[in-house]
Amino acid sequence: MATRPSWTIHNGKVICKSFEFQWNGGFAITQKQKNIVNLHQAIKNVCNESALEVSSKGGDFGKSIGAFSLKVNGIYLENIFQAAKKYENGGPYLDLLNVPPKESKQDQRHHSSGNLISFVKDGTEWPLEPKTAFYDFIYVSALQDSFGQALNLNEYDWFTDIEFNPNKSINCQARSVAIYKLLQQNALFNVMENTDDWLNFHKEYVNG
């Protein structure tokens, strides 16, 4: 058995709930897809609601809004995130904007530049708290760049990422997609126009 988090909108906020399901070991995509089916069935059993896998392991729609598919102004989301990292002893490393996305993530400077202290994008320095605020911001920006404010997520109540393990990572594309849906439902995209407004929105409306 395994437990993985999923995100939904409840009482006007993005929340996280973990579900237990039968785990299929192995690195093959078919095994991961079996785990997605089992996780989504667990959500169905508990909540009687539908879920969307947001990752390269999901279906065509889930892949199309996944982190390694999205771009902002022609630059992959993953590159923007990795290039924005500012460390005690270096960064941001803007050259990472121009390499393959996986290469930007695996660059050795992420491990040799000391502790992460902030993110810097377009001259604006972002704090590390709330923990996922910067990643969620650029993710929602990428969704807007590709789909505007009209991405149709209405048939999905929950959002998952089978690869995400909260014991190893913080940012999750499934959370970011749930935030997009919340902004869309409440016509709140204007909070993205100002960094402080976004940070305050994130503190109040994203719980998990």
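Visitor: Which residue lies over the face of phenylalanine 19?

Guide: That is lysine 17, at 5.6 Å from the ring centre. Keep in mind that this is a predicted model. The cut-off for a charge over a ring is 6 Å from the ring centre, and lysine 17 sits at 5.6 Å, so the distance passes the test.

Visitor: What makes arginine 109 count as sitting over the ring of tyrosine 93?

Guide: The charged end of arginine 109 is 4.3 Å from the centre of that ring. The limit is within 6 Å, so this distance passes too. Arginine 109 also forms a salt bridge with aspartate 107.

Visitor: Why is the contact between arginine 109 and aspartate 107 called a salt bridge?

Guide: The closest N and O atoms of the two are 2.8 Å apart. A salt bridge needs the side-chain nitrogen within 4 Å of a carboxyl oxygen, so the pair qualifies. Both arginine 109 and aspartate 107 are buried.

Visitor: How many salt bridges does a search of the whole structure find?

Guide: It finds seven. One of them joins the side chains of glutamate 163 and lysine 32, at 3.3 Å from N to O. Glutamate 163 is in the loop between strand E9 (158-160) and helix H7 (173-185), while lysine 32 is in helix H1 (residues 29-47), so this pair ties together parts 131 residues apart in sequence.

Visitor: Is glutamate 163 buried, exposed or partly exposed, and what about lysine 32?

Guide: Glutamate 163 has a relative accessible area of 41%. That value falls between the 20% and 50% cut-offs, so the label is partly exposed. Lysine 32 has 14%, which is under 20%, so lysine 32 is buried.

Visitor: Which lysine makes a salt bridge with glutamate 163 at 3.1 Å?

Guide: That is lysine 57, and the 3.1 Å runs from N to O. Lysine 57 lies in the loop between strand E3 (51-53) and helix H2 (60-64), 106 residues from glutamate 163. Its relative accessibility is 15%, so lysine 57 counts as buried. Through shared partners, salt bridges join Lys32, Lys57 and Glu163 into one network.

Visitor: How do you know that strands E1 and E2 pair?

Guide: Nine bridges join strand E1 (residues 2-10) to strand E2 (residues 13-21). At least two are needed, so E1 and E2 count as paired. These strands run antiparallel, with alanine 2 opposite phenylalanine 21 in E2. Two residues lie between the strands of this hairpin, where asparagine 11 takes a positive phi near 55 degrees.

Visitor: What makes E2 and strand E10 a pair?

Guide: E2 and E10 (residues 206-207) share two bridges, in the parallel sense. The rule asks for at least two, so E2 and E10 meet it. In E10, valine 206 is the bridge partner of valine 14.

Visitor: Let's turn to the rings. Why is the pair of phenylalanine 119 and phenylalanine 134 called stacked?

Guide: This is one of 16 aromatic pairs in the structure. The ring centres of phenylalanine 119 and phenylalanine 134 are 4.6 Å apart, with 15 degrees between the planes. Phenylalanine 119 lies in strand E7 (residues 116-121) and phenylalanine 134 in helix H6 (residues 133-147). Both phenylalanine 119 and phenylalanine 134 are buried.

Visitor: What about tryptophan 126 and phenylalanine 137: what makes that pair tilted?

Guide: The planes of these two rings meet at 45 degrees and the centres are 4.8 Å apart, so the pair is tilted. Tryptophan 126 and phenylalanine 137 are both buried.

Visitor: Which residues have the most contacts inside the largest nonpolar core?

Guide: They are Tyr139, Phe159, Leu183 and Trp198, in a core of 43 residues. H6 gives the largest share of this core, nine residues. Apart from this core lies another, of 10 residues, including Ile36 and Trp158.

Visitor: What does tryptophan 198 touch, leaving aside neighbours within four places in sequence?

Guide: The contacts of tryptophan 198 include Trp126, Phe137, Ile179 and Leu183. Tryptophan 198 also belongs to one aromatic cluster, together with Phe81, Phe119 and Tyr205, among others.

Key. Residues numbered from 1 in each chain as written. Predicted model: local features only at pLDDT ≥ 70, side-chain atom pairs only at ≥ 80, totals over all residues. Heavy atoms only, no water. Helix = DSSP H or I, 4+ residues; strand = E, 2+ residues; numbered from the N terminus. Buried < 20%, exposed > 50% of the residue type's maximum accessible area, 1.4 Å probe, protein only. Phe/Tyr/Trp six-rings, centres within 6.5 Å; stacked < 30°, edge-to-face > 60°. Lys NZ or Arg CZ within 6 Å of the ring centre and 35° of its normal. Core = buried A, V, L, I, M, F, W, Y, C linked by side-chain atoms within 4.5 Å. Contact = heavy atoms within 4.5 Å.
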